[in-house]
Every structure is written in structure tokens, then in C-alpha cells.
Amino acid sequence: MSRLAKFAALALSLAPVALTNPALAEEVDQNRLPPSQDPARVANGLAQTPPMGWNSWNKFACNISEKTIRDTADALVATGMKDAGYNYLVIDDCWHGERDAKGFITANAKAFPSGIKATADYVHSKGLKFGIYSDAGTKTCGGRPGSQGHEYQDAITYASWGVDYLKYDWCSTGSRNAEEAYALMSDALRSTGRDVLLSLCEWGTNRPWLWASKIGNMWRTTADITDKWSGKHGYALGMLDIVDLNEPLWAYAAPGHWNDPDMLEVGNGGMTTTEYRSHFSLWAMMASPLIAGNDVANMSADTRAILLNKDVIAVDQDKLGRQGRRIAKDGNGEVWVRTLADGKRAALLFNRGETPVKLTVNWTQLDYPAGQSLMLRDLWAHRDLGAMKGSFSAQVQPHDVVMVTLTPES
């Protein structure tokens, strides 16, 4: 019996009811605890820092192909992004073909003539991890076959392909219970014996931060981002609107499970370089997954400088895993603080407005004594500012940030 046939037999034995009748898969024993309250459920141990990588959707949407994915894998290595930590390459929606006679998902043969397994093998050969996309409904948001009723089949198919990351969307779900639906796929992935990071993408509708910490590794907190500074644009939101929805959830983020304000738009052309610098800084302060969404193979020097700022990345990836938050606001000026490991802090002075503003962070806002001597580093100027006491002030240009780390002198 071939390896794929063995996978097929196991899938059919694990979930015969779900495969033949999706409605029955949703039935829940009234005496059973919700998945999040099951004392036997434990986290999968992945994503101890916010995941970093690249996803195809923001730039390419459904216009994806095997060549695009291979070229991006090459570029992630050649540009230094892999070395900077961007190690997941994720194919988003529209890779799907139809299900075969036994219900197993296939790839779009025109876009992926070598198949997904060969594409994943190529990504792995570059020292990267491979991610894919599906949906908890009957169809994906792009109208391709969803995973409802095929969770165990799809999980084992993904394992056989070498998938390391699953983005799991929430279109065409009808009356499904989100917690049950995501727990079902989580359990299906774990049953394969392969470590697969699970990214919940149900847009914060069912408040996953209250129940998903032992089910998945990151959860969307908002509607989709669009490449705009602010405002509502159809079903999507501008960057500032996303920030204002995600920031209040700071207490729910921790190693292994993260608030996800959606993927990065840096380099896609809808904002200025200054605005992209603010976008990237705010995501790092919020301990957000850093999932790039640009054309890596053809990015500008400005885009590369933002995405490869290792000082800012280090804040995002800080091992303490505590999300930063807004601690002061005066008109369009804001002060953000993030507590880091080893007694350090990161501070962000952010100007939403159209004119320059002077902003100040005081040591007492950082939980330091006013007389404490702190060593400051400007993360965008890439220079040390020396030791200071009491406070730090800077003139911040419109839509821009000044971002510093503060380290107690020994």
C-alpha cells in the first residue's frame, strides 16, 4: 500500500461521520465542556514568539502559481528576509482544484503542475517552512472547496505534503460554532503527528481571544486590512482602524498564542514609506505576527529597509511575549510602551496627525524610578542616544514614529 493510500485509509477511519455528513460533525454532547474548557486540552507548543513569514494574498490574491511561490522562496533567501526571521512561506486562497472521488482535495493543476508536495519540497529545500490555506466552511472566500466535513482528510493530506502552517478562514460557515469548528481542525492536525501552526482567521467576530489559546497559535482580531492609512474600504479597514481594534486586546497575547491584526501591507504602494514605517513599528509594538505580503522578488530599497530592520524585529520577537499598548494620547500624539525581557522597555512616539508634534515619555510611565539612568537606542536612526534620566522627548513628523529601546544601566 502506498503512503498516500495509508493516509487515505487513516483519514477515513478517523472521521467517517464527518466525511459523509458535515451536519453530524457539528453535533455536541450537551454535557461536554466547550473545547477551551476541556482540562485535557493543552497548547501545541508552537509560536513561542510571533510567527514571521510571507503570504501570497495581499499582493497576488488569486493570481498565484508554482513559479510565483518558487520565485518568492528564492527571494526570501536572497534578500536576507529568511535570515531576519521570515521563515514561513504561505500560499493563501485559490491553490485548490476539486476533490477527487474519495473526497481528497487536489491542487489546481494549471497553476501548480508539479503539485503542492513538490512546491512544499522546494520551499523546504531553501530552509523555509511551508504554509497553506483552507476554510472552516463549505467553500473558501475565493469559492474553492472548503474543509467542512473533510477536516481529518485535509489534515492528513496537508501532513503528507509537508505543511507546517495552516491559515484557516471563516467564509461559507453558516451556523457553525466557531470554537467547535476550529477545535475540530486543531484536533485533526494534531492527529497526524506533524507540528502545524494554526492561524485562526474568523475576523474577531466570535472573540477568539477568549477561547482559542489552546486551540490555535494566532487569531485574527479584525476585518481584513487594506493598503490604506485609515478608513473603511468595502469589507476591509485601513491600518489605523485595525490598530484601534487590536490594541485593547493586549492582555490576551502571550507566547504560543497571539493577537493577529492581519498581514503586513508594507511595499504594496497604497501608503507612503513613512506610513509603512509606522505600520511596521506598531505591529512590532503589538507583538503581532509579521507576515509580509509584498512582491519580495521586486521590492524597493525602502521596503527592504523597513522589513529588514532587525532592531524593530527584535522588539516584535522579544521572548517575554508581552504585547505593548497605548498609555497616553494627546490629540494626534500617542505614546506606546512595551515591556521587554531582562528589564528593558520599548517606547513608541506616534503622530497620527498632519503637523509635527513634540512627544514625551516619562520614566514613571515605564515603571522606572525617575532617577533611573537608562541607555536609549533609536531603532529607525540606528544609533545609540546615550544615557538619560527622567524622560525622553522627540519631535515626530506627520504620520511618523520615533521608536526607542530603553535599557537600565548596570
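**Entry 1: L76.** My helices are DSSP runs of H or I with at least four residues, strands are runs of E with at least two, and both are numbered from the N terminus. L76 counts as buried because its relative accessibility is 0%. For burial I use under 20% relative accessible area as buried, over 50% as exposed and anything in between as partly exposed, with a 1.4 Å probe and protein chains only. Leaving out neighbours within four places in sequence, I get contacts from L76 to W54, M81, K82, L89, L128 and V296. Contact here means heavy atoms within 4.5 Å. I also checked L76 against E247, 171 residues along the chain: their C-alpha atoms are 29 Å apart.

**Entry 2: housekeeping.** This is a predicted model, so to speak of local features I need pLDDT of at least 70, and side-chain atom pairs count only at pLDDT 80 or more, while totals for chains, interfaces and linings use all residues. Residues are numbered from 1 along each chain as its sequence is written, and side-chain values use heavy atoms, with hydrogens and water left out.

**Entry 3: the whole protein.** I count 13 helices and 20 strands in the secondary structure. Along the principal axes, the C-alpha atoms fill a box of roughly 70 × 50 × 40 Å. Of the 410 residues, 55% are buried. Among contacts with a separation of 6 or more, 68% join residues 24 or more positions apart.

**Entry 4: surface and charge.** The protein exposes about 16,400 Å², with carbon and sulfur atoms supplying 49% of that. Those areas are Shrake-Rupley values with a 1.4 Å probe, and for residues only the protein chains shown count as cover. I find 41 positive and 46 negative side chains, and the centres of the two sets lie 3 Å apart. Lys and Arg are the positives, Asp and Glu the negatives, with His and the chain ends not counted. Each charge is placed at NZ of Lys, CZ of Arg, CG of Asp or CD of Glu.

**Entry 5: cores.** Which residues have the most contacts inside the largest nonpolar core? They are Y86, W95, F280 and W283, in a core of 87 residues. Helix α9 (residues 178-191) gives the most to this core, with 8 residues. Apart from it lies another core, of 17 residues, including V337, V361, W363 and L376. A nonpolar core is a set of buried Ala, Val, Leu, Ile, Met, Phe, Trp, Tyr and Cys residues joined through side-chain atoms within 4.5 Å. I then listed what F280 touches beyond four places in sequence: Y86, L264, V266, L290, I306, L307, V312, I313 and W380.

**Entry 6: H399.** H399 sits in the loop between β19 (391-396) and β20 (401-408). Is H399 buried or exposed? Buried, because its relative accessible area is 11%. Not counting residues up to four places away, H399 touches W229, T274, E275, S278, N351, R352, G353 and E354.

**Entry 7: C141 and W203.** C141 is in the loop between β5 (129-135) and α8. C141 counts as partly exposed because its relative accessibility is 39%. Beyond four places in sequence, C141 is in contact with D93, Y133, D135, D169, C171 and W203. C141 and D93 are 48 residues apart in sequence and 7.5 Å apart C-alpha to C-alpha. I followed up on W203, which lies in the loop between β7 (197-200) and β8 (218-220). W203 has phi near 70 degrees, a positive value in a residue other than glycine. At 26% relative accessible area, W203 is partly exposed.

**Entry 8: two alanines.** A47 also has positive phi in a residue other than glycine, near 55 degrees. A47 lies in the loop between α3 (22-25) and β1 (52-55), and at 14% relative accessibility A47 counts as buried. A111 is in the loop between β4 (105-107) and α7 (115-125). Beyond four places in sequence, A111 touches I64, S65 and E66.
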